[in-house]
Amino acid sequence: MASSLSSIASMMNWKPMNKQETLFSKRKPANSFSISAQQVQDETTLVQQQEEEKEAKPVKGVTQPRPVEPQVNVESKNMGRAYGGQWLSSTTRHVRIFAAYIDPETCAFDQTQMDKLTLILDPTDEFVWTKETCNMVYSYFQELVDHYEGSPLTEYTLRLIGSDIEHYIRKLLYEGQIQYNMNARVLNFSMGKPRVGFSYNEYRTEDVIDQ
Amino acid sequence: MNSIEFPLFHRTTQNSVISTTLNDLSNWSRLSSLWPLLYGTSCCFIEFASLIGSRFDFDRYGLVPRSSPRQADLILTAGTVTMKMAPSLVRLYEQMPEPKYVIAMGACTITGGMFSTDSYSTVRGVDKLIPVDVYLPGCPPKPEAIIDAITKLRKKISREIYPDRIMSQRETRCFTTNHKFQVGHSIHTGNYDQGFLYQPPSTSEIPPETFFKYKSSVSSHELVN
């Protein structure tokens, strides 16, 4: 009952799925926080100011992820031979982490920048993602990367991070913050079939100390 | 919980006789010549390979097995997928050009199968890695069952609507962050003669001088003999 009500409620709530808008606004965080003027384009400043006013109040309890400066002239480069010429990645259905810098627009894959990790979220569109839910996952990713500071850059660490993010996405799904995308080509429900009349938050057991 | 949502699309195409006929034509042409990737990891591949033979010929459905993912449009994941194989499978899937379909063949690729209880390295179901169109149960499924799955996939393709498929081409959600991991040089440099570069750990019992002496005195072809 709860899930059907929430799905009706979400259908009433018009979420902007216009491709142009989401593409445009995705570029905004990187531009709005950078102080250096080299990346700012003239035609986007007006839109940035409007969107900054809209996003004046952040979501409660969610830290905004720290953006990275966007780069120009990124070319696809492989890892140097000294590092084995390999690529380090952790790939699952919803989370792809690469030890490289991936340009958001051109998708150039630069592996020589080994101090960067790039997360590609849900390339198969199994869930419906909004700006807020994307930012929740990105900030969780950043917390994890900061937590794993000092560990060796191997596939093992990337897979640990990847599986933690998958668990987080599953938690978001159980709490109802993200939903399955019914317009996807395949309906796998890979994180559990939709259930009626069951709410995750009701049945959470509290830790009982005196037992 | 696990709620669903129908995101609104701005559908600008009109349904006319000509567009539906073209749609049917393109669907028919795609389902009649599904070229599967010659992929198999364990026992299910034996059943898949028997389809190529004369008894259960699958060329009569238009299926020609292709060795390169760039030329394939169907991948029948035949065989258990372990965590070591998982990135390679996802890479193969990504290298296949659209439109592409996946049949998860056998119990191992649906839910982990016989490895779902105690294995430490099997991926419990290939839908944790790639989107699956048809699930084909069996351990292993008989070749007739595989043909049944292919028939069901063909029926699924015949119901597709081309504009929906184009419209659902997505934007990439990409996010980059800096990390402070330790970057180490790989030991796989491609040089075989690593005697002079090898750094023995301090806890090894062989003293480093004797180790280097042995390495330099015996050349590699003598070691082979």
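Is Lys156(B) buried or exposed, and what is Lys156(B) in contact with, leaving aside its neighbours within four places in sequence?

A: This is a predicted model, in which local features need pLDDT of at least 70 and side-chain atom pairs count only at pLDDT 80 or more, while totals for chains, interfaces and linings use all residues. Residues are numbered from 1 along each chain as its sequence is written, chains are lettered from A and ligands numbered from 1 in the order in which they are written, and side-chain values use heavy atoms, with hydrogens and water left out.

Lys156(B) is buried, with a relative accessible area of 19%, where buried means under 20% relative accessible area, exposed over 50% and partly exposed in between, using a 1.4 Å probe and protein chains only. Lys156(B) belongs to helix α5 (residues 143-158) of chain B; helices (H or I, at least four residues) and strands (E, at least two) are DSSP runs, numbered from the N terminus. Once its neighbours within four places in sequence are set aside, Lys156(B) has contacts, meaning heavy atoms within 4.5 Å, with Arg185(A) and Val186(A) of chain A and with Asp133(B) of chain B.

On the side of chain A, Phe189(A) lies in the segment after β7 (179-181) and has a positive phi of about 50° although it is not a glycine; Phe189(A) is buried, at a relative accessible area of 16%. Asp122(A), also not a glycine, has a positive phi near 50° and is placed in the loop between β5 and β6 (127-128) of chain A, where Asp122(A) is buried with a relative accessible area of 0%.

Helix α4 (residues 131-147) of chain A has 17 residues and reaches 24 Å from its first C-alpha to its last, close to the 24 Å expected at 1.5 Å a residue, the expected span being 1.5 Å times one less than the number of residues. Its buried residues, among them Met136(A), Tyr138(A), Phe141(A) and Leu144(A), pack against β2 (95-98), β5 (116-121) and α5 (155-175) of chain A, together with β5 (174-178) of chain B.
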